[in-house]
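This report is meant for a reader who is meeting the structure for the first time. It takes up strand pairing, then aromatic rings, and then a charge placed over rings.

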Amino acid sequence: MRRTLMKDLAAAAGVSVSQVSRALAGKPDVAPELRRRILELAREKNYRNCTAVHRRTIAVLAGRMDEFSSSLVNELLAVARQKGWRMVIVPHEHLEFLDDRLFDGAIGLAASELSRTWHERHRIPLVVINSYGWMLDRVCSVFPDSNGESRLAMEHLISLGHRKIARLRLIGENASEQETNRGYDEFLRVASEYGIRDSVRYCHAPDWERLELRIRELVGEGFTGFIAIFIDGAPKVIDAIRNCGKRIPEDISLVAYESAEMTAHLTPPLTALAYDYRGLAAAAAGRLELELEGCGKLRQIVVPGRLIVRASTAPPPGFSAGDGGRGREL
């Protein structure tokens, strides 16, 4: 199809090109009814300003501003400065704001069906970044490598000599199977490779009280390695372990997710899986740029993370180094 030009909008609205230009730019000297009419025509005809002087405006559709989202926003703003983009942060609960102006594209953080509905209604390119490794149908998705993260944490604990390892996660009762089991298959795969499949557990609960109960049970069963699949819950896991009379890392090793404000400053500093926020932002922006140029193709892009080893992990009691680095029981 031929690309819609500004003169096409002017002809359809029965006004001059200059009036269309002022309406799209949000100039004050345009009647509100005319502005609404021109914006409706622009959306209807999928108009995009592709002139050399046009500065692209990108909407960042944000859910709750937790550490994952705020860290991504900082990196996306840096990418926008490099590319000369104008970036507008829009919370999910205020998506109606987007109906009042034109955007060239959008990046969704922890994107929901609501984001996709808006994207499909206005027919603009959308790329989503999701922390839980799930994607929206028919939308390009960028997410951390949950399988790689499971392998990093598991192989680190196994190399220290741990055999009884538990994976902990808070997850809502209505969460999808895909959300609930993020990284779980790889967790089991690594355990099978190292011959400990029958001595690992995946424990998830919808609230902290029930998860704490499971932690107490696991400690009582002799588990010595824990992987906490959340960013801000590590202090509660530490307290639960200590309330069982156990020390970290002398009795139990703990791996959590990296929090810039927390994990390095706890006692002991936590070994943590770190998202590559810069890599996630760059991948999303690069993919969106291809979509804006009309040469993108639906893809799911996985960005590896890394493990930061600190003082919360050590060999378990009764083990010493040996057996090819896996540890051996004394």
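A residue counts as buried under 20% relative accessible area and as exposed over 50%, while partly exposed covers what lies in between. By that cut-off Y184 is partly exposed, because its relative accessible area is 22%. F187 counts as buried, with a relative accessibility of 0%. The model from which these values are computed is a predicted one.

**Strands**

Strand β4, which covers residues 126–129, points L126 and V128 one way and V127 and I129 the other way, and all of these residues are buried. With strand β3, residues 105–109, β4 pairs in the parallel sense over four bridges, and in this pairing A106 stands opposite L126. Strand β5, residues 140–144, also pairs with β4 in the parallel sense, here over three bridges. The bridge partner of I129 in β5 is V142.

**Aromatic pairs**

Six aromatic pairs are found in the structure. One of them joins Y184 and F187, whose rings are stacked, with 6.4 Å from centre to centre and 25° between the planes. Both residues belong to helix α8, residues 184–193, where they are three residues apart, about one turn of the helix. Another pair is formed by Y275 and Y277, and its geometry is edge-to-face. The table sets out the two pairs.

| Pair | Arrangement | Centre to centre | Angle between planes |
|---|---|---|---|
| Y184 and F187 | stacked | 6.4 Å | 25° |
| Y275 and Y277 | edge-to-face | 5.8 Å | 70° |

Y275 counts as buried because its relative accessible area is 12%, and Y277 is likewise buried, with a relative accessible area of 14%. These two tyrosines also take part in a cluster, in which ring pairs link F68, Y257, Y275 and Y277.

**A charge over two rings**

Over which ring does the charged end of R167 sit at 4.9 Å from the centre? That ring belongs to Y202. The charged end of R167 also sits over the ring of F187, 6.0 Å from the centre of that ring.

Notes:
Residues are numbered from 1 along each chain as its sequence is written. This is a predicted model: local features need pLDDT of at least 70, side-chain atom pairs count only at pLDDT 80 or more; totals for chains, interfaces and linings use all residues. Side-chain values use heavy atoms; hydrogens and water are left out. Buried means under 20% relative accessible area, exposed over 50%, partly exposed in between (1.4 Å probe, protein chains only). Helices (H or I, at least four residues) and strands (E, at least two) are DSSP runs, numbered from the N terminus. Two strands pair if DSSP finds at least two bridges between them. Rings of Phe, Tyr and Trp (its six-membered ring) pair if their centres lie within 6.5 Å; planes under 30 degrees apart count as stacked, over 60 as edge-to-face and the rest as tilted. A charge sits over a ring if NZ of Lys or CZ of Arg is within 6 Å of the ring centre and within 35 degrees of the ring normal.
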